[in-house]
Amino acid sequence: VEPNVVSYSSAITACEKGHWWEQALEVLELMHVGKSEPTTVTYSAAISACAQGTQWVLATRFLGEMSTRRLAPNVITFNSALSACE
């Protein structure tokens, strides 16, 4: 079975819940290499993982990537980014 955007996003969320922000970003990188395109949900999960690891620079970088990919951030995305900056 090939991974898809749902399975990648779920894996990123699981890593975030386990406070494994580095692994969450590895999953995001695998997604870029694979055939799946990240969505707003995917980036929100990655930004939330960054917040868990107090990685505000990475969180803001992902917000920029979303803009480049023409993905609209949502309330969860912004709240996660704000949490990363605390």
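This passage describes how helix H5 packs against helices H3 and H4, and the aromatic pair found in the structure.

The model is a predicted one, in which local features need pLDDT of at least 70 and side-chain atom pairs count only at pLDDT 80 or more, whereas totals for chains, interfaces and linings use all residues. Residues are numbered from 1 along each chain as its sequence is written, and side-chain values use heavy atoms, with hydrogens and water left out.

Phe-78 is placed in helix H5 (residues 75-84), helices being DSSP runs of H or I with at least four residues, numbered from the N terminus. With a relative accessible area of 45%, Phe-78 is partly exposed, a class that lies between buried (under 20%) and exposed (over 50%), as computed with a 1.4 Å probe on protein chains only. Although 31 residues separate Phe-78 from Ile-47 in sequence, their C-alpha atoms are 8.9 Å apart in space.

The axes of helix H3 (residues 40-52) and H5 come within 8 Å and cross at roughly 20 degrees, where axes are lines fitted to C-alpha atoms over the stretch in contact and angles run from 0 to 180 degrees between N-to-C directions. H3 and H5 are therefore roughly parallel, the term for angles under 35 degrees, while those over 145 degrees count as roughly antiparallel. In their contact (heavy atoms within 4.5 Å), Thr-40, Ser-44, Ile-47, Ser-48, Cys-50 and Ala-51 of H3 meet Ile-76, Thr-77, Ser-80, Ala-81, Ser-83 and Ala-84 of H5. The residues of this contact divide into six nonpolar, six polar and no charged.

For H4 and H5, the axes come within 8 Å and cross at roughly 150 degrees, and these two helices are therefore roughly antiparallel. Here Trp-56, Ala-59, Leu-63 and Met-66 in H4 meet Thr-77, Ala-81 and Ala-84 in H5, and the residues of the contact comprise six nonpolar, one polar and no charged.

A search of the whole structure finds one aromatic pair. Tyr-43 and Phe-62 form this pair, which is tilted, with 6.1 Å from centre to centre and 50 degrees between the planes; rings pair if their centres lie within 6.5 Å, and planes under 30 degrees apart count as stacked, over 60 as edge-to-face and the rest as tilted. Because Tyr-43 lies in helix H3 and Phe-62 in helix H4 (residues 56-68), the pair ties together parts that are 19 residues apart in sequence. Tyr-43 is buried, at 0% relative accessible area, and Phe-62 likewise counts as buried, at 2%.

Definitions and conventions
Angles under 35 degrees count as roughly parallel, over 145 as roughly antiparallel, 65 to 115 as roughly perpendicular and the rest as oblique. Ala, Val, Leu, Ile, Met, Phe, Trp, Tyr, Cys and Pro count as nonpolar, Asp, Glu, Lys and Arg as charged, and the others, Gly among them, as polar. Rings of Phe, Tyr and Trp (its six-membered ring) pair if their centres lie within 6.5 Å; planes under 30 degrees apart count as stacked, over 60 as edge-to-face and the rest as tilted.
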